[in-house]
Amino acid sequence: MQSAVTRQISAELRRRLAKASNVLVLTGAGVSAESGVPTFRGGGNSAVWKGMPFDVISSATMVRRNLPAVWEWFDYRRELLKSLRPNPAHQEIARWQKRFADLSVVTQNVDGLHQLAGSKDVIELHGSIWRSRCQDCRSKIQISRTEPRAELCLDCGESLRPDVVLFGEILPSGAFELAAEKAGACELCFAIGTSGLVYPAAGLPEIAKAAGAYVCEVNPERTPVSDICDEVLTGKAGEVLPLL
Ligand code: BJW
């Protein structure tokens, strides 16, 4: 007997999956939800840390005003991540790199779970929680899973901050441009586990659609992206993706 999710998958999507060679996957926090990583939004809730909404603590203003508080929030999240593993959605996306000749994984997530699942050349639009960056010379330092993180820049001795893109900050040089180029060239575009509210990432499915791609969303809830999609698969990424 077919499951409710399987019944949603159209013959058109199956046909396109069978013949596509160039596919783009845009992921958001929802793809890591089944690993135990809290999302920012969704289900009518918004993440709060010590009484501060996440868009206050994850902001360029907070880095200027209270960098130790920002580090405390990121240290807490890295600690949580240490025990979490990729879920079937990350694993399926990693397998797609073998299935399609050209698969681009573009993520807004900073958790590194796509890479842990085996995805290669992941375009990280919002940086990584596993790196810090010097506030002065902009040197980047990898943060180990086992050792305490460095407090000061090893090159110039200035203070370090998380190498993530906070509200009001620009994306890493070239990352969005590369993602937009891939979106403009793909035949199939998946928007998976993203609320589609944060720009410029949220504009990628539109770029793909305008260039003629078939756009498909995977999310338990409707989002602004749903309106431009050719197909909306309502469900959890870890349950839907293995069925594709
Ligand atoms: C499941 C699931 C399951 C649950 N399976 N799904 C154009 C218009 C308006 C504003 C702007 C604009 N262009 C730029 C802006 C300003 C701003 C912005 O977009 N604001 C809007 C919110 C209004 N953008 C920026 O500031 C960006 N910078 C920029 O554009 O620079 C140039 C510029 C500067 C200033 C002005 C104008 C231009 C930078 C954005 C950086 C975002 N940073 C954060 C924090 C990162 C650090 C950290 O980790 O703390 O990135 S915010 C947060 O949101 C995080 C995420 O990557 C991002 C997106 O969230 P995402 O991934 O979509 O997750 P959620 O939680 O929102 O949604 C989860 C979804 O999963 C839900 O839909 C659930 O239903 C679903 N789900 N379980 C599948 N099992």
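Author: The side chains of Thr27 and Thr107 make a polar contact at 2.7 Å. A polar contact is a pair of N or O atoms within 3.5 Å; within protein, one must be able to donate a hydrogen and the other to accept it, and residues adjacent in sequence count only if both atoms are side-chain atoms. This is a predicted model: local features need pLDDT of at least 70, side-chain atom pairs count only at pLDDT 80 or more, and totals for chains, interfaces and linings use all residues. Residues are numbered from 1 along each chain as its sequence is written, and side-chain values use heavy atoms, with hydrogens and water left out.

Reader: In which strand does Thr27 lie?

Author: Helices (H or I, at least four residues) and strands (E, at least two) are DSSP runs, numbered from the N terminus. Thr27 belongs to strand S1, residues 22-27.

Reader: Is Thr27 buried or exposed?

Author: Buried means under 20% relative accessible area, exposed over 50%, partly exposed in between (1.4 Å probe, protein chains only). Thr27 counts as buried because its relative accessibility is 0%.

Reader: Which residues does Thr27 touch?

Author: Contact means heavy atoms within 4.5 Å. Leaving out residues up to four places away in sequence, Thr27 touches Ile93, Val106, Thr107, Gln108, Asn109, His114 and Ile192.

Reader: How many residues surround the ligand?

Author: A residue is near a molecule if one of its heavy atoms lies within 4 Å of it. Here 34 residues surround the ligand, and the closest are Arg41, Ser58, Arg77, Thr194 and Ser195.

Reader: Which atom of Thr194 lies 2.6 Å from an oxygen atom of the ligand?

Author: A polar side-chain atom of Thr194 does. Gly168 places a backbone N or O atom 2.9 Å from a ligand oxygen atom. A polar side-chain atom of Glu34 lies 2.8 Å from a nitrogen atom of the ligand.
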